[in-house]
Amino acid sequence: MWQDFQDKGLGDERQKHLLLYILTTIRDYYSGNKDVRVEWFNPWQYHCVIQVVQYIDDNYGESIMLSDLARIAHLSVNRFINVFKHFMGMTPIQYVINRRVTMACNLIMEDQMSITEIAIESGFNNTANFNKQFLKVVGMTPKEMRKKGHMDMNPKRETERAVNG
């Protein structure tokens, strides 16, 4: 049904979001997962979450306050956290951290900035927090990732891999 809706270009964006919401709700309800809490979420809230995600993606390098995100969504902080988690599968803070770490990974692989500069550019206010969050998300420290990136890009290693299969 969703594929037909997309392929034929039917409806405006709000209608597409509403259909996606309805289909997701039906899937979740009939999934057999006894832990699924059936709770009413207004399709407009989904639209608001999309606006918040766009705001985070555009401003991840700045200080982002939960209260500001809730204001963008036109919800109380507690309701915003619940709605965001329902649609995104993680809390808003987790999303911000993941977004910042993703950008940091890109900057680390470019290898033109120090780890401290990358932490600041990615929106972390200190390197200790940056290293802690990076390790949690990626499973290695930024320095380890940089070293691994250098090893993966080493032409000798690539040649050895090609010869040894």
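This is a short talk on one predicted protein model, from its overall make-up down to two single residues.

Some ground rules. Residues are numbered from 1 along each chain as its sequence is written, and side-chain values use heavy atoms, leaving out hydrogens and water. Since the model is predicted, local features need pLDDT of at least 70 and side-chain atom pairs count only at pLDDT 80 or more, while totals for chains, interfaces and linings use all residues.

I start with the whole chain. The protein has 10 helices and 0 strands, where helices (H or I, at least four residues) and strands (E, at least two) are DSSP runs, numbered from the N terminus. Of its 165 residues, 30% count as buried. Buried means under 20% relative accessible area, exposed over 50%, and partly exposed in between, with a 1.4 Å probe and protein chains only. The accessible surface comes to about 10,900 Å², with 53% of that belonging to carbon and sulfur atoms; the areas come from the Shrake-Rupley method with a 1.4 Å probe, and for residues only the protein chains shown count as cover.

Next, contacts, meaning heavy atoms within 4.5 Å. Among contacts with a separation of 6 or more, 52% are between residues 24 or more positions apart.

Now one helix pair. Two packed helices are described by the angle between their axes and the distance between the axes. How do the axes of H3 and H4 cross? The axes of helix H3, residues 43–59, and H4 come within 8 Å and cross at roughly 135 degrees. Here axes are lines fitted to C-alpha atoms, for helices over the stretch in contact, and angles run from 0 to 180 degrees between N-to-C directions. That makes H3 oblique to H4: angles under 35 degrees count as roughly parallel, over 145 as roughly antiparallel, 65 to 115 as roughly perpendicular, and the rest as oblique.

Which residues meet there? From H3 they are Cys48, Gln51, Val52, Tyr55 and Ile56, and from H4 they are Leu69, Ile72 and Ala73.

The phi of His74 is near 60 degrees, a positive value in a residue other than glycine. Is His74 buried or exposed? His74 is exposed, at a relative accessible area of 62%.

Last, Gln133, which sits in helix H8, residues 127–138. Gln133 counts as buried, with 11% relative accessibility. Leaving aside residues up to four places away in sequence, Gln133 touches Ile97, Val101 and Phe124.
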